Amino acid sequence: MIITLTPNPSLDRTYEVPTLVAGEVNRAVTTHVDAGGKGINVTRALAAGGARSVAIFPAGGTDGVRLVSDLEAVGVAVRPVPAGTATRSNIAVVDALGATTKINAPGEPLDPAVVTALLDALAAEIVAARSAGDRPVVVAAGSLPTGAGDDLYVRVARVAAEHGARTVVDSSGAPFREAVEAGGLALVKPNDDELAELVGRELRTVGDVTDAAREIISAGTDAVLVSLGAHGALLVTADSVLWAGGTPLVPLSTVGAGDTTLAGFLSVLDQDASSSQEDITARLPDALRVAVAWGRAAVLLPGSAVPTPDDVDVTDVQLVPDPSRRLALKEL
């Protein structure tokens, strides 16, 4: 069971235009509205792929009502927490070449009581999963609204550990830094820019990314999954490096593709709740291939739509153990 916590959910509104011209009137040819927020995207992708997941998030206002109803309408398990404030909307504009311009709203402030309610809901879901014989994984994902506190993901990991679950973090900036420094994480999933921001230097090569990832591992994280956009993904552990990628694609939309990549990775590792650590380690190469295949499928769909199994082609993904440290990321 994968339990996702999204403190700053949204309704994602995507507009497709032939070209985007700043300062001019741009007319959309197609629009899409999808439930959004990084953790929610992970749960949506897992549900579409037939995996078990439940999404916890604050919801309020008209958009919050629609967020919940849209998820329930497609069979996504949700545990909304009343927020008392309106759920935000994000905007993405995608041109005919697949270039995506995003405008993300900050989100309304979270009252401390709502933060407490989110953590209580998380604890309840973990306890329920454990009672059913699962070893749940908690995914804490996305930006944080004002009032949540930069240490929220540290608190999430603490609640998870107290109730027998491991934590995955997919974030950036101060919340990501605090979670990494606190340690005790099973996995983090930055993209290369987010990883570079964390370590405070440019990352141009496979060796650069590997060294940066191992700084995170030395602080108490088991593994680092680094998404590289069109250049695939690197999975770094204390003693291994794997790369997976495929032939170039012309994307229709990149919104949520990284979240779908994470969902694909977790879908493989969640297959057997009784698996030993050795079994999980043995499945890492397969998990990385599936992750990249899910991400590649996502960019060929409109808006922030998530792929179904019929959209995913794992055979188109190449896996390379120990890629040359000298390789530039753009050469992958």
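I began with the sheets and found an open sheet of 10 strands in the order 5-4-1-8-9-10-11-12-13-14, with mixed pairing. The model is predicted: local features need pLDDT of at least 70, side-chain atom pairs count only at pLDDT 80 or more, and totals for chains, interfaces and linings use all residues. Residues are numbered from 1 along each chain as its sequence is written, and side-chain values use heavy atoms, with hydrogens and water left out.

I took strands (E, at least two residues) and helices (H or I, at least four) as DSSP runs, numbered from the N terminus. I counted two strands as paired if DSSP finds at least two bridges between them.

**Entry 1**

Ile-2 stands opposite Val-137 in strand 8.

I then noted what lies across these strands. Helix 8 (residues 257–269) lies across strand 1, strand 8, strand 9 (166–170), strand 10 (185–188), strand 11 (221–227) and strand 12 (233–237). Helix 8 runs at about 160° to strand 9.

**Entry 2**

Strand 2 and strand 3 pair in the antiparallel sense over 7 bridges, and the bridge partner of Tyr-15 in strand 3 is Thr-31.

I located Thr-6 in the loop between strand 1 and strand 2 (10–16). At 1% relative accessibility, Thr-6 counts as buried; the cut-offs are under 20% relative accessible area for buried, over 50% for exposed and partly exposed in between, with a 1.4 Å probe and protein chains only. Beyond four places in sequence, the contacts of Thr-6 (heavy atoms within 4.5 Å) include Gly-37, Ile-56, Pro-58 and Ala-141.

I found Leu-122 in helix 3 (residues 112–131), buried with a relative accessible area of 0%. Leu-122 and Ile-56 are 66 residues apart in sequence and 7.1 Å apart in space, C-alpha to C-alpha. Leaving out residues up to four places away in sequence, Leu-122 touches Ile-3, Ile-56, Val-138, Val-156 and Val-159.

**Entry 1: helix 5 and helix 6**

I listed the buried residues of helix 5 (173–182) as Pro-175, Phe-176, Ala-179 and Val-180. They cover an arc of only 130° around the axis, which puts them on the same side of helix 5; the arc is that of the directions from the helix axis to the C-beta atoms. They pack against helix 4 (152–162), strand 9, strand 10, helix 6 and helix 7. Gly-183 follows helix 5 with a positive phi, near 75°.

For helix 6 (residues 192–199), the buried residues are Glu-194, Leu-195, Ala-196, Leu-198 and Val-199. Gly-200 follows helix 6, and its phi is positive, near 75°.

Note on methods: Axes fitted to C-alpha atoms, helices over the stretch in contact; angles between N-to-C directions.
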